[in-house]
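Have a look at the sequence and the model, then read on.

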Amino acid sequence: MSIETKARNKRFVQLAVTTALATTALTACTGKAAPSHSYSAAHAEQALSKGRTSKAVQHAEAAVLASPRDAYSRTLLGNAYLEDGRFASAATTFAEAVELGDTAPRTIISYTLAQIAIGDQVGALATLDQFETALDPADFGLAIALAGRPDHGVHVLSNALRAGQNTPKVRQNLAYAYALQGNWRSARIMAAEDVPAGEVGDRMAQWAAVVRPEAFTTRVANLLGVEPQADPGQPQMLALANHPSFNMLAAQEVGELEAVAEPQGDFAFAEELPAVGAAPTIDDRGDAALADGGLAPSIGGVRYVSREVVQQTPVQSRKPVAPRIAGTAAPASTARSGDYNVQLGSFFSMSDANEAWKQFQKRYPELGDAERVITEARVNGKIYYRVAAAGFAKASADSMCRTVKGKGGGCIAYASSRPLPGAIDVVAGDMRVAAR
């Protein structure tokens with residue numbers, strides 16, 4: 001075995017050990033198997049909807065440990081930290097979610113609020129500047145006012161009002177921006193548009209108590225209706241830097257090893273997945289661990305997000321934003337009739353795998369009437385259930401993977417004649433389930 005191959009396999013095993021931290025951390029005290037990603041995410045969402053923020057944090061951290069490179073899991077954890085008043089942890093986690101591809105407006109605003117709450121105005125302004133065009137002016141205007149630019153906030157919100165966005169949210173955010181600007185007369189007039197006359201004075205007093213520059217944490221906490229608490233920061237084992245993608249590992253290897261010509265692979269890979277070597281003598285246990293580590297997507301349940309960025313009025317209620325729905329376009333032609341499979345996720349149970357397939361069909365209309373294939377795999381002594389769509393031509397399999405990755409999912413396309421490492425031999429009598 002060449003030096004380059006040994007070094008590569010060693011690095012894969014190291015990453016597998018890092019991924020295994022999830023199981024170690026979650027089973028050390030109970031001796032039970034770690035919960036699946038979908039189980040933890042669903043329980044985190046449920047806890048958030050009931051206001052049980054500490055429980056939400058616990059379950060969301062477990063979800064991230066189970067699927068460390070899943071953008072939605074990071075966003076879910078960021079929301080849990082934010083609702084729990086742990087602003088430093090929230091800022092770190094939202095930054096990782098954005099890095100993984102979640103640039104939804106609500107994620108960006110939540111990230112910005114967390115940055116403001118820890119006093120990182122420069123970072124907040126940079127985030128808002130980068131994503132301004134994608135944000136609702138009502139949210140952007142108040143956020144940039146809170147980040148230390150009340151004049152700009154007043155300008156944005158006033159323009160939105162004049163352009164016809166005459167809603168309580170815009171009016172009250174503009175009133176608050178006026179207060180941050182020190183224009184109390186305009187703040188009072190605008191607040192009176194929605195707040196009963198007898199309560200306007202109290203509203204002004206509340207704002208006056210938090211307009212001091214050093215009260216940045218209190219301003220955000222009051223806006224969200226949460227209680228700030230001492231925050232030790234995101235646990236080190238959750239840090240995205242501890243869960244590099246295959247591309248990161250490959251780039252690092254290039255710097256350490258002399259370039260060696262590699263055979264052209266037949267696969268299209270998601271970021272999380274490694275290329276599969278064709279040589280049968282290579283120990284591929286590390287590759288197999290990576291093929292399953294962190295692939296289980298967020299499935300089922302409502303995607304909980306932080307509350308609206310808006311000053312509360314007597315008639316408003318604070319509800320979670322409706323879930324974002326993945327693409328609704330009609331299924332595209334896939335030009336299938338081929339022998340390529342597209343793996344979409346890997347799970348710890350058959351029930352999770354079956355449920356995931358239903359969600360994949362909803363999330364990716366491009367699957368059309370693709371054949372479902374659930375294959376059992378054994379990696380480092382653990383059993384996984386891999387969910388794939390079958391019957392693609394090579395070009396359409398590559399296209400399908402690009403679509404999945406473009407929506408934040410994990411994907412790997414492979415010829416059905418060359419199963420992924422760790423797959424249990426069908427001829428040996430182990431499980432392979434296929435159904436439409």
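## A charged trio

Asp139 and Lys169 meet through their side chains in a salt bridge, 2.9 Å from N to O. (A salt bridge here is a side-chain nitrogen of Lys or Arg within 4 Å of a carboxyl oxygen of Asp or Glu.) The two partners come from distant parts of the chain: Asp139 sits in helix α9 (residues 137-146) and Lys169 in helix α11, 30 residues apart. Helices are DSSP runs of H or I with at least four residues, strands are runs of E with at least two, and both are numbered from the N terminus. Asp139 and Lys169 are both buried, where buried means under 20% relative accessible area, exposed means over 50%, and partly exposed is in between, using a 1.4 Å probe and protein chains only.

Asp139 has another partner too: its side chain makes a polar contact of 3.0 Å with that of Arg106. (A polar contact is a pair of N or O atoms within 3.5 Å; within protein, one has to be able to donate a hydrogen and the other to accept it, and residues adjacent in sequence count only if both atoms are side-chain atoms.) Arg106 belongs to helix α7 (residues 105-117). With a relative accessible area of 12%, Arg106 counts as buried. Leu135 is 29 residues from Arg106 in sequence, yet their C-alpha atoms are 8.3 Å apart in space.

## Where the model comes from

Keep in mind that this is a predicted model: local features need pLDDT of at least 70, side-chain atom pairs count only at pLDDT 80 or more, and totals for chains, interfaces and linings use all residues. Residues are numbered from 1 along each chain as its sequence is written, and side-chain values use heavy atoms, with hydrogens and water left out.

How many salt bridges does a search of the whole structure find? The count is 7. One of them joins Asp398 and Lys394, at 3.4 Å from N to O. Those two are 4 residues apart in helix α18 (residues 394-406), so about one helical turn separates them. Asp398 counts as buried at 17% relative accessibility, while Lys394 is partly exposed at 37%. As for the trio above, salt bridges that share partners join Arg106, Asp139 and Lys169 into one network.

Arg212 and Glu214 also form a salt bridge, with their closest N and O atoms 3.2 Å apart. Arg212 is partly exposed, at 41% relative accessible area, and Glu214 is exposed, at 52%.

## The nonpolar cores

Now for the greasy part. A nonpolar core is a set of buried Ala, Val, Leu, Ile, Met, Phe, Trp, Tyr and Cys residues joined through side-chain atoms within 4.5 Å. The largest one has 67 residues, and Phe87, Leu128, Leu146, Tyr176 and Trp207 have the most contacts inside it. Helix α11 (residues 168-181) gives the most to this core, with 8 residues. Another core lies apart from it, with 23 residues, including Ala370 and Ala413.

## Paired rings

Rings of Phe, Tyr and Trp (its six-membered ring) pair if their centres lie within 6.5 Å; planes under 30 degrees apart are stacked, over 60 edge-to-face, and the rest tilted. That rule gives 2 aromatic pairs. Tyr176 and Trp207 are stacked, 5.0 Å centre to centre with 25° between the planes. This pair links distant parts of the chain, with Tyr176 in helix α11 and Trp207 in helix α13 (residues 197-208), 31 residues apart. Tyr176 is buried at 3% relative accessible area, and Trp207 is buried at 4%.

Phe360 and Tyr364 are stacked as well, 6.2 Å centre to centre with 15° between the planes. Both Phe360 and Tyr364 are buried.
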